[in-house]
Amino acid sequence: MTNIYYQEQVLENIARKVLCGYDSALYYGSPAAVPIEEMIEAHGVSLEYQYLRKNGRILGKTIFDEGLEAVYDMENREYTLFPVRAGTILIDASLCEEDASTGRLRFTCAHELAHWILHKKLYTGTGRSAAMITEQSETILEIQANMLGSAILMPIAQIKRCFYQLRGGRQDGQLIDDMADVFQVSRQAMRIRLTNHRLL
Ligand SMILES: [Zn+2]
């Protein structure tokens with residue numbers, strides 16, 4: 001399997017195309033939360049919410065080949081096999097339980113969509129899937145999916161627009177909170193995005 005490394009600017013351009021392909025207002029309009037679940041479905045990818053592991057260790061998984069996936073049946077407390085078709089993103093249902101997880105849920109969706117966009121050719125036919133595991137070692141593929149996921153959820157043109165609109169009279173902490181609210185991402189994800197672009 002050959003790893004292709006995309007430069008950051010290339011990933012920003014891919015994000016812009018993906019966003020504008022769905023709705024150019026997401027890039028050029030007023031800053032707002034990106035409808036990531038609808039965008040995934042617009043790529044012809046099905047979203048399924050299941051308990052992927054008993055302990056919540058896998059947050060999301062992109063399926064490139066049809067098959068059976070083990071999912072956890074909370075009621076009967078056992079793993080069962082769930083049929084999936086190629087082009088499915090599985091999201092851990094635990095992320096839907098609390099409002100506090102909205103940022104993680106959305107980031108997981110964006111990360112998995114990024115795998116679909118960047119790595120479909122690498123994985124299809126291999127029987128492997130791209131899983132987002134908590135605290136996993138950061139391989140190049142994972143770093144790239146995180147970078148593209150961030151660029152989709154926090155379009156750079158919108159981040160700059162929102163930053164200059166909101167920064168007057170706010171301390172950094174308040175600015176991060178308010179911007180995280182606008183884009184419906186975690187404070188941590190927003191802080192990283194702003195720092196990477198030297199806005200903080
Ligand atoms: Zn991943």
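Which residues does Thr62 touch, not counting residues up to four places away in sequence? In this predicted model, they are Thr88, Ile89, Glu112, His115, Trp116, Ser129 and Ala130, where contact means heavy atoms within 4.5 Å. Residues are numbered from 1 along each chain as its sequence is written. Local features need pLDDT of at least 70, side-chain atom pairs count only at pLDDT 80 or more, totals for chains, interfaces and linings use all residues, and side-chain values use heavy atoms, with hydrogens and water left out.

Thr62 belongs to strand β2 (residues 58-63). Strands (E, at least two residues) and helices (H or I, at least four) are DSSP runs, numbered from the N terminus. The relative accessible area of Thr62 is 0%, so Thr62 is buried (under 20% relative accessible area, 1.4 Å probe, protein chains only). Its side chain makes a polar contact of 2.5 Å with that of Glu112 (N or O atoms within 3.5 Å, one able to donate a hydrogen and the other to accept it).

Helix α4 spans residues 102-123. Of its 22 residues, 17 are buried, so α4 is largely enclosed by the rest of the structure. A kink of about 50 degrees is centred on Ile117; the bend is the angle between axes fitted to the seven residues ending there and the seven starting there. Gly125 follows α4, with a positive phi near 90 degrees.

The largest nonpolar core has 52 residues (buried Ala, Val, Leu, Ile, Met, Phe, Trp, Tyr and Cys joined through side-chain atoms within 4.5 Å). Helix α4 supplies its largest share, ten residues. Another core, of eight residues, lies apart and includes Leu52, Ile63, Val71 and Phe82.

Definitions and conventions: Buried < 20%, exposed > 50% of the residue type's maximum accessible area, 1.4 Å probe, protein only.
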